[in-house]
Amino acid sequence: MLLDKLINYLKLDKQEFLFQFNSHPNYPSALAFSDTLNFMGVRNDAYELDKEYWDELPEEFIAIVDNSFSLVKKTGNQYSVYSDKAKTLGKEELHQKSTDFVLLFEKEKTENHTVTSYKPFIYSVFAIVLVYSLLTLQWYEAAFNILSLAGVYISLEIFNQKFGNTSAVIGSICGDTAGNQNVNSCNKIISQDKTSIFGLKFSDFSLIYFIGLTVLGLFLPATSFIIKGFTLVSLIAIGYSVYIQGFVEKTFCRVCLLIISVLVTQLFIGIFLFENMYFDIKIALLSLILWVAAFSLVLYLTHTLEQKENLQKSNAKNLRFKRNYDLFKRELLENEKVNFTDNETFFVGNQDAKLRLSIVSNPYCGFCKDAHKIMENLLERYPNNISVQMRFNYSPDQKNEKLTNLISDFMYVYKNKSAKEFLHFVEYWYETRDEDKIRQKAGITSANENLTPLINVSSENRNAGLNFTPIILINGYQFPDKYDREDIYYFIDELTEDEDI
């Protein structure tokens, strides 16, 4: 299922979204789609709504149009629809092509976890090659190098598209290359390339070729003889590509024709404008080493990315099993329920919430920081549906004055400030781990709070065998050991609606 335009419009990480969506136990259902949006920070509610009421919907909503989840935007009397591509439909046409399913959403502010892109580095290299060529080479040599850079760029876009990354450049040249198999599509040529040499496709050799030419072009005119030879050899590739497009697939790929035009132009420059240099064995050997290095690099990247893609697919299938709510619920309820008598100390969230979470922790526990962050995120996302009690393990000990003072500061802030300020106060402690800063943030010189309630909480923890930290409990049931703590995000919606829990 292709959702490129929708994902881009919502400013989501495409790879992360597709991975979470594909690994959902109910993939590819509307529930899986809705849960994935929730997980990515797009709060939403799904409805089955008759078309006669669609005029009352907000200006933006998500619907199933042409069997694909699509963003729908009202623009006057027309509707802009975004899914794998953008299109404009009239009201009647939209109603005919849509189901009654609608999803209303609200984008939340979320942290961007996208891995740093390699593109700035690539663009920097391109800029250096371009500036060097323009300042030091003849105009036709510089033009040759610019064409080589264009070839590298286009070949990289094709290379990335091979591993599921959408290319805006190829899309603009070819039109809809995703999901369209008609004769005007580049997809038939690029994606169904039957060439395989050491696992490399014909388009991969285009990348190798242009990388080699780009490097050799920096040493013009000394390398002009070698480059001229390679431009002549490119006639074989041009002929093969034209034959495959015209006689085998019987359709022409615009981006392939663009690469062919680059090759033909470089061939013209090489034959008619380059100086007639003599063959140099040293340059030939260095050129051979260069081509072997470029070939090895592309081969390594191809195999590495293929392995990564296969692992992601396998992991997604395994996660569908792991994220099955019925299995999680069975594991959760297998633990003996703990009934706490003190449920009010360090209690935050909705007091009337049916879902009560407890976190047993220690202020000096390094692993507790992440567990508290999870609880804070859940309270932010579901302020009306859950409550959280922080159950710090503490026992009065004159030898541990620092812990006593710290817990007193916690108690002071909890009693005298808002729940949100208390949560930020605890978070600040785990960030700094500095007793002086935490007391300064509390705005007091000393805190002599009554810690008896917390002593009782700690005693209940010990009696229930909750000595190790951190431990998360859901309505008294200990979070299953077979799951990571972060997995609670996947089940929280169903937990809030489960009457058994």
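## Reading salt bridges and aromatic pairs

Tutor: The structure, which is a predicted model, holds 14 salt bridges.

Student: Are R439 and D409 buried or exposed?

Tutor: Both R439 and D409 are buried, and their side chains meet in a salt bridge of 2.8 Å, N to O. Because R439 lies in helix α17 (residues 435-442) and D409 in helix α15 (residues 401-416), this pair ties together parts that are 30 residues apart in sequence.

Student: Which residue forms a salt bridge with K415, and which residues are joined into one network?

Tutor: K415 pairs with E449, their closest N and O atoms being 3.6 Å apart. E449 is partly exposed, with a relative accessible area of 22%. As for the network, R330, E331 and K482 are joined by salt bridges that share partners.

Student: How many aromatic pairs are there, and why is the pair of F21 and F33 edge-to-face?

Tutor: In general, a pair of aromatic rings is described by the distance of the centres and the angle of the planes. The count here comes to 32 aromatic pairs. For F21 and F33 the ring centres are 5.9 Å apart and the planes stand at 80 degrees, so the pair is edge-to-face. Since F21 lies in helix α2 (residues 14-22) and F33 in helix α3 (residues 30-39), the pair ties together parts that are 12 residues apart in sequence. F21 is buried, with a relative accessible area of 1%, and F33 is buried too, at 0%.

Student: Which residues form one aromatic cluster, and where does the charged end of K441 sit?

Tutor: The cluster is formed by F346, F392, F410, Y414, F422 and F425. The charged end of K441 sits over the ring of Y428, 4.9 Å from its centre, while that of K51 sits over the ring of W54, 5.3 Å from its centre.

Methods: Residues numbered from 1 in each chain as written. Predicted model: local features only at pLDDT ≥ 70, side-chain atom pairs only at ≥ 80, totals over all residues. Heavy atoms only, no water. Phe/Tyr/Trp six-rings, centres within 6.5 Å; stacked < 30°, edge-to-face > 60°. Helix = DSSP H or I, 4+ residues; strand = E, 2+ residues; numbered from the N terminus. Buried < 20%, exposed > 50% of the residue type's maximum accessible area, 1.4 Å probe, protein only. Lys NZ or Arg CZ within 6 Å of the ring centre and 35° of its normal. Salt bridge = Lys/Arg side-chain N within 4 Å of Asp/Glu carboxyl O.
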